[in-house]
Amino acid sequence: MRAKITYLVTAAVLVFYFVLVGSRGVMLIESGTLLTVTFGVAVLILPVIGVWFLWKNTQFVRRANALAAELDAEGGLPVDELKRTAGGRIDRDSADEVFARRRAETEAAPEDWRSWFRLAVAYHDARDTPRARKAMQRAIALHDGRPVPA
């Protein structure tokens, strides 16, 4: 729940920032000179890119959460079996062991979105965010019946 609140607060702050920057871009365009119009258009591009990025991330999170809920209803969510250090950090050897099992599971069933979801969790536990995201994107695509990203 804390992660959701943090995400919502961050998204709200970003939207406020995009509106603020966008209004400055409009003010520059309204000035009417070639230089201010050029700067105004350039300033408006940033909020457009930001809104697009925020929208795509929100879609990704919602789809991943929907898969987690479906997998939970099936009783297939991965169990947290990782050993931790005294400071609470995940033990590297433990993460490697779980990752090896998840990778083997995914190689055995490459068209099963559930195995890709669990592999994404294993990547995340190993702090490999780019691969975790790619594995989750693949799980989402397989679940939705869309072409699988390379």
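Leaving aside its neighbours within four places in sequence, which residues is arginine 102 in contact with? Select arginine 102 and keep that question in mind while the view is set up.

This is a predicted model, in which local features need pLDDT of at least 70 and side-chain atom pairs count only at pLDDT 80 or more, while totals for chains, interfaces and linings use all residues. Residues are numbered from 1 along each chain as its sequence is written, and side-chain values use heavy atoms, with hydrogens and water left out.

**Stop 1: arginine 102**

With arginine 102 selected, show its contacts, where contact means heavy atoms within 4.5 Å; apart from neighbours within four places in sequence, they are Pro78, Val79, Glu81, Arg118, Leu119 and Ala122. Arginine 102 lies in helix 3, helices (H or I, at least four residues) being DSSP runs that are numbered from the N terminus. Its relative accessibility is 12%, so arginine 102 counts as buried, a word that here means under 20% relative accessible area, with exposed meaning over 50% and partly exposed in between (1.4 Å probe, protein chains only).

**Stop 2: the whole of helix 3**

Now colour Ser94, Ala95, Val98, Phe99, Arg102 and Thr106, which are the buried residues of helix 3. Looking down the axis of helix 3, you will find these buried residues within an arc of 125°, so they line one face of the helix; the arc is taken from the directions from the helix axis to the C-beta atoms. The buried residues of helix 3 pack against helix 4 (113-125), whereas Asp93, Glu107 and Ala108 are exposed on the other side of helix 3.

**Stop 3: salt bridges**

A search of the whole structure finds eight salt bridges, each being a side-chain nitrogen of Lys or Arg within 4 Å of a carboxyl oxygen of Asp or Glu. Arginine 103 is partly exposed at 40% relative accessibility, while glutamate 107 is exposed, with a relative accessible area of 58%.

Next, select Glu74, Asp112 and Arg114, which are linked in a network of salt bridges. Between glutamate 74 and arginine 114 the closest N and O atoms are 2.7 Å apart, and this pair links distant parts of the chain, with glutamate 74 in helix 2 (residues 34-74) and arginine 114 in helix 4, 40 residues apart. Arginine 114 also forms a salt bridge with aspartate 112, where the closest N and O atoms are 3.2 Å apart. In relative accessible area, glutamate 74 is partly exposed at 43%, arginine 114 is partly exposed at 26%, and aspartate 112 is partly exposed at 23%.

Notes
Helices (H or I, at least four residues) and strands (E, at least two) are DSSP runs, numbered from the N terminus.
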